[in-house]
Amino acid sequence: MKSGNPVSLTNLSEWSDLSRHYELISKKDLKALFEEDPSRADKFSLQGAGLFLDYSKNRITAETMEKLFSLAKRCDVSGKIEAMFNGEKINQTEKRAVLHIALRAPSSQHIFLDGVDVVGEVHETLSRMADFVRRIHDGTWKGYTGKPIRNIVNIGIGGSDLGPVMAYEALKFYSHREMTFRFVSNIDGTDFVEATRDIDPSETLFILSSKTFTTLETMTNASTARNWLLSALGSQDAVSRHFVAVSTNRAEVMKFGIDPENMFGFGDWVGGRYSMDSAIGLSIMLAVGPVHFYEMLAGFHEMDEHFRKTPMEENLPVIMGLLSLWENNFFGSATRGIFPYEQYLKRFPAYLQQLTMESNGKHTTMSGNRVTYDTCPVFWGEPGTNGQHSFYQLIHQGTRVIPSDLIGFFHSLNPVGPHHQILLANLFAQSEALAFGLSPEALRKQGVAEELIPHKVCEGNRPTNVILADRLTPATLGRLVALYEHSVFVQGAIWEIDSFDQWGVELGKVLAQRIIPELGEQSGPALSHDSSTNRLIELFRKKRLKGA
């Protein structure tokens, strides 16, 4: 199904086949499926690019997967994958190529866009970043007063924050512990104040991450950072020693007071939520060093190659994307849980929220028609085992089925007594419990009082993917992120939506620009919003005037 094809997805024969198949499979539960096929775990698990995926606890059969693969082929998923890797402008509404895969391509690879080898540009930037990082680490780069830099504050928002902070937390084991890293994104002044409260301005470097250098939240925080620095160091000359930019707007960077030699850019073919492995990752490289950063890129690239070259039937991102679509579009699951059994991945669910929901939270097809099916589910989650003592109650006994991804590692980076065995035992147990539950019959055999049985029954039939790797290394993190990036792509390709624009984030920003000056006025022209918004603005003015 090519882009712009008037045939609706739900009118395809492959979709109809899946709909009929759903009517049959929805009447079966996972316990029965496992009893019918003792080899089920072998059939529905695979290894690739350093990751192991067990998807046997999804409500599927071999026939289900055959029909899902047929749908993917009809929607030309393989052709769309090639179009992305070949630099075609698949971001149609912005007329841009989508080449985050070039950010982690080895220097020996060549990817051309409009006659320019973008891989060469990427590695030139990486080399400049590595040289800068070495100068910070060895003390060659000094602050305005001659002190070495010991504190890094990354100022960004969206992909310029979520990726770096997630990766910093994920790779903290490998980080330079003699340095302090902080991340500021929220326009709420509290975020900046708390990030800088206990650090010395003369030892602090700010990374301003804004492609256009005009993003309201980022540049407001940047201005506050500059004022904070100058109030302590006194001279405008200090700015060039304590600020660097990740941007492409040379004029605005210079206007701010940053030497353009200390500006690191990236192409417009990199979307913000796909940019953590670009110059946006400068804070990550400062934290873990160039060697570990390059290892992370190699992990990304390994999954990229797996995605591009592996047949659908053995392709991890394709299978995960199809399973998510199966649960979302046929079983009606509106959310998906992401539960890493690894404390270092505590920000991974938040990172995936932007990656998935900003990419595929769309209601319009490439041809501009309203979709007639659900697109992206809500992604959410927390690390295990914390979640087990909060929201797992709802997953086990709630009225909504929530498919979940459980992520774990065979080896801990911090082996302490029996902790890791207990952690992984919980991961495996939750996968089992969610799938098979606890029946009234089993409870009666346990001697549970009859009046308590309805309260203790767990119905099971809650699908999970279990994703395992040897240990959390920089390369493993790259593989995991790329796995979800490409899974998102597969779903968008089938839904026939543009996974790489984000027009929905613009409206609120535009209206905020209109309201900002109105909040600063005590009186003025009559407000022309709706009655609710007008009342909120008037209430704010009144409270501010009173100082209440």
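A: Let's start with a definition: helices (H or I, at least four residues) and strands (E, at least two) are DSSP runs, numbered from the N terminus. This is a predicted model, where local features need pLDDT of at least 70, side-chain atom pairs count only at pLDDT 80 or more, and totals for chains, interfaces and linings use all residues. Residues are numbered from 1 along each chain as its sequence is written, and side-chain values use heavy atoms, with hydrogens and water left out.

Q: What is the order of the strands in the open sheet?

A: Strands of a sheet pair through backbone hydrogen bonds, either parallel or antiparallel. Two strands pair if DSSP finds at least two bridges between them. Here 5 strands line up as β6-β5-β7-β8-β9, with parallel pairing. At the edges sit β6 (180-184) and β9 (263-264), each pairing on one side only.

Q: How many bridges join β5 to β7?

A: Strand β5 (residues 151-155) is joined to β7 (residues 204-209) by 5 bridges. For V153, the bridge partner in β7 is F206.

Q: Which strands does helix α9 lie across?

A: Contact means heavy atoms within 4.5 Å. Axes are lines fitted to C-alpha atoms, for helices over the stretch in contact, and angles run from 0 to 180 degrees between N-to-C directions. Helix α9 (residues 216-233) lies across β5, β6, β7 and β8 (243-246), at about 160° to β7.
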